[in-house]
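Morning, everyone. I have one structure to walk through today, so let me put it on the screen.

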Amino acid sequence: MQSVVPFHSGHAGLKQLLGGKGANLAEMTNAGLPVPPGFTITTDVCRSYYEAVMQLPAGLMEQVHQAMRELEQVKSQGFGDPIKPLLVSVRSGSVTSMPGMMDTILNLGLNDETVQGLAALTGNPRFAFDCYRRLIQMFGNVVFDIETYQFERLLHHLKQRLNVSQDSEVSAEGWTELIGEYKAVIRKEAGREFPQQMEEQLELAIEAVFRSWNNARAKVYRKVHQIPDEQGTAVNIQTMVFGNMGSDCGTGVVFTRNPSTGEPVLYGEYLMNAQGEDVVAGVRTPVPIAKLGEEMPLVFDQLMRTAEKLERHYTDMQDIEFTVEQGKLYLLQTRNGKRTAQAAVKIAVDLVREGVIDTGEAVNRIEPFHLDQLLHRAIDTDKPLHVLAAGLPASPGAASGVAVFDADTAEAWARAGHKVILVRSETTPEDIHGVLAAEGVLTSRGGMTSHAAVVARGMGKPCVCGCEALRLTDRAFAVTTADGETVTVREGDALSIDGATGRVILGEVSLREPELTGELQQLLAWADEIRTLEVYTNADTPEDAAKARSFGAEGIGLCRTEHMFMSAERVPVVQAMILAETAEERAEALAKLLPMQQEDFEGIFRAMDGLPVTIRLLDPPLHEFLPNMEQLVVERERLNGQADADPDRKERLEKLLRKVRALHEMNPMLGTRGCRLGLVLPDIYEMQIEAVFRAVLSCLREQLDVRPDIMIPLVGHANELQRMRELVTRKADEVLGEFARTFRYRVGTMIEVPRAAVTAGDIAQHADFFSFGTNDLTQMTFGYSRDDAEGKFLTHYVETKLLPDNPFQVLDRDGVGTLIEWAVERGRAAKPKLKTGICGEHGGDKQSIFFCHAVGLDYVSCSPYRVPLARIAAAQAQL
Ligand code: ADP
Ligand code: MG
Ligand code: MG
């Protein structure tokens, strides 16, 4: 087995084996770009390493040494050679890029002897010792697991002693002193000397990089981005080039387009006289790339041309690491750049317009889940804002929450239900769990290409970074505003950030509704041309219906009528209806509800003029509209304890309590609800149906095109639907009068009880449509009560991989999916024109939408904000 692949033998197609970084370094090498030579140890080796319980496979190091000899020849240097030492980096590189989550060590090949050689060879001792101290720090951190601050602290003290602020101002003597101190840290913390033997350095470094695949932050990142744990990382060994050799050297990161907005301009940052880690780790705030055009015009020009070439080559926006050594440009990494949803959409549309990709490819490039971000609300600029300062706008979106100052607190507070803004001097990849928990991230240092910013963008979190005006102390920051006012923000204080402008704002801000941009409209229009699956929405109010329609909904798949019973002024009428003791009292209450419902339906029909509206008749059990029994008992105790309590009030309370007791159910989800309610107490359904058709009549008079679909919930037996259908027809005929013969409407059912799915052929005899209510269907198929499962045993199931996903989020294909397939097949066999759709939460989930397409449903229905996402996913399912 070939475990080691030189850059000149690989290519981009070998990503699974070489990891993204290795495959792309190979591809660039073969495209003739200036890449320092090196080789890749494959991801297979990583898997073997873990299978062998953290042992490098036998024979690997021989292959590595062989490859090292090749590098020595190319460079005319020797690994460990005291006169012409070869230096390499040992870099992680997984198949799916995980920016900064794993480890890399630079300047390997230095020891007490070779550092002298490097100093003599370059005539630059300051540079040589700078490399050495960096090596010891990275090695100590990555191989021996010594915390970075142990080193940073000493560096800080050194600079204080020397009275300098920049690393580049430290002299060779300064570095030598620090190296002594660093070695002492290694001795104390690792219990051994820093290894002087080259072979040992190399082997320890390789192993440590493999180990970093399983560090805590990499695990969290994989979980968030659903990257399989088995993938493993490659290790890249590459000869060093030096950005820290002097003032004609530097290092930086560029994106071929702005990853935040998608603007087609070179975007990035660099630092003169520095090594790569300084930029990507966010330790120093770097300089915008445009400045490089002034400082090194030739290099800048070459960089621009290379960026363009790489983008064309990969047909996508690239994120490129480069280093300039004595005026010469080298490329150290390229990958498809992480971007915000906004940028993703703009870039995809621009690439089509530039003729680089076609519309199908553009649609395919959008991660539907990310569209959620685009429909996030922005800060309402009409209200006055207490702006404290401005940093770099690293990831757009507005976020409000309480300030917290470390990742663990962010996680703990978020778990307790608080919205938090994570404030750090810089966020290192170790903070990833805090970033995940936070609404947004604010840093006082670090640039827009720092790992923190990249990770926040990838997660769609608003981020403001490099806000240097913040004076951070322990669990607080002080800032002097433009007006000269000094404000202190402490842990727990309300704070907002605007990732689109970089503003940091005191207190909470109000947000305004999102709109679809021109580019998104374009992309969605392309998706609409491709897809066959229709996209409906779940909406209960005219406002939601109109919103969803503006997002492209083609109908309402679920209008829940019980929500119309729940407003404050209606609850007493509903209660009066339930508590009525005589038929007259009951009829009276229902008569009051009728015009209210009618008005609701009219509003919705107007908003959906020309499109189908699926109205589900009352679904929940009646006691949901009554006060809770325990509260009533407490109230009775209280009244009984009062000698002067009003007897009328006592009597009303007793009556209420009797009714609540009578309606009490052991298991209400399986009790008198849905069509069972409609069959036992038909007058409520009659009122609802009457309201629907009265609304139809008045809309017809307004010349509207009304298309109601009446949906009966919780049917499990064909006879239930048959009787309900008779009820609908009778009431409709009664209300519609002369229109009854010509007006078309449909009657159908939800398929949400397993028996309904199994007997779908019989049920279809009485149905014009099936709508899969996959929330209940999942509950009943698994036998999990959703409220008792999520956050409890189900979390355990998913964490221990007993189940691949939460079945309430991602449709369970094997179980629930089989029922759906079966029901569609049987239903259509009985009634070829049967319309089918899905209206559970799953209607807004990409994988589930793919499933719905595959089994041939006519539509998916989801919440208004998910409609654009569903349009894209439906098109992707077609491609
Ligand atoms: P990460 O995945 O964390 O970005 P990298 O392996 O890309 O880790 O390396 C970290 C930094 O070190 C990057 O800025 C990279 O450009 C720089 N670097 C890596 N290898 C070399 C090398 N051979 N010469 C110069 N700089 C390097
Ligand atoms: Mg990198
Ligand atoms: Mg249901």
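Let me start with one residue. Setting aside neighbours within four places in sequence, Ile-556 is in contact with Tyr-536, Thr-537, Ala-539, Ala-545, Ile-604, Met-608, Val-613 and Thr-614. Contact here means that two C-beta atoms, placed from the backbone, lie within 7 Å.

Before I go on, the ground rules. This is a predicted model, where local features need pLDDT of at least 70, side-chain atom pairs count only at pLDDT 80 or more, and totals for chains, interfaces and linings use all residues. Residues are numbered from 1 along each chain as its sequence is written, while chains are lettered from A and ligands numbered from 1 in the order in which they are written.

How confident is the predictor? The chain averages a pLDDT of 93, and 99% of the residues score at least 70. pLDDT is the predictor's confidence in each residue, from 0 to 100. For the complex, the predictor gives an ipTM of 0.96 and a pTM of 0.81.

Back to Ile-556. The residue lies in strand E25, residues 556-560. Helices (H or I, at least four residues) and strands (E, at least two) are DSSP runs, numbered from the N terminus. Is Ile-556 buried or exposed? Ile-556 counts as buried because it has 29 C-beta neighbours inside 10 Å. The cut-offs: 20 or more other C-beta atoms within 10 Å is buried, 12 or fewer is exposed, and in between is partly exposed, with C-beta atoms placed from the backbone. Now look along the chain to Gly-815, 259 residues away from Ile-556; their C-alpha atoms are separated by 27 Å.

Next, the UniProt record. An unreviewed entry lists "binding site" at Arg-560, Arg-616, Glu-752, Gly-773, Thr-774, Asn-775 and Asp-776. A caution: UniProt positions are in the numbering used here, feature names are shortened, and annotations may be inferred rather than shown by experiment.

Take two from that list. Glu-752 sits in the loop between strand E28 (746-751) and helix H28 (754-758). It is buried, with 26 C-beta neighbours inside 10 Å. Beyond four places in sequence, Glu-752 is in contact with Leu-714, Gly-773, Asp-776 and Leu-777. Asp-776 is in helix H30, residues 774-782. Asp-776 is buried too, with 21 other C-beta atoms within 10 Å.

UniProt, again in an unreviewed entry, places "binding site" at both Glu-752 and Asp-776. They span 25 residues in sequence, yet no two of their C-alpha atoms are more than 5.4 Å apart, so they gather at one spot.

Now the "active site" feature. The unreviewed UniProt entry puts it at His-451 and Cys-839. Cys-839 is in the loop between strand E30 (835-838) and helix H33 (846-854). With 28 C-beta neighbours inside 10 Å, Cys-839 counts as buried. Its contacts, beyond four places in sequence, are Asn-538, Gly-557, Leu-558, Ser-771, Gly-773 and Ser-861.

On to the ligand. How many residues surround ligand 1? There are 16, and the closest are Ser-89, Arg-91, Thr-104, Gly-276 and Glu-321. To count, a residue's C-beta atom, placed from the backbone, must lie within 6 Å of the molecule. Two or more residues each come from strand E3 (88-94), strand E4 (104-108), helix H10 (276-280), strand E9 (318-325) and strand E10 (328-336). H10 gives the most, with 3 residues.

Last, the domains. An automatic or database assignment sets the bounds. The chain divides into domain 1 (242-339), domain 2 (377-512), domain 3 (531-621 + 665-878) and domain 4 (622-664). Between domain 1 and domain 2, the contact takes 14 residues from domain 1 and 19 residues from domain 2. On the domain 1 side, strand E7 (267-272) and H10 each supply at least two residues.
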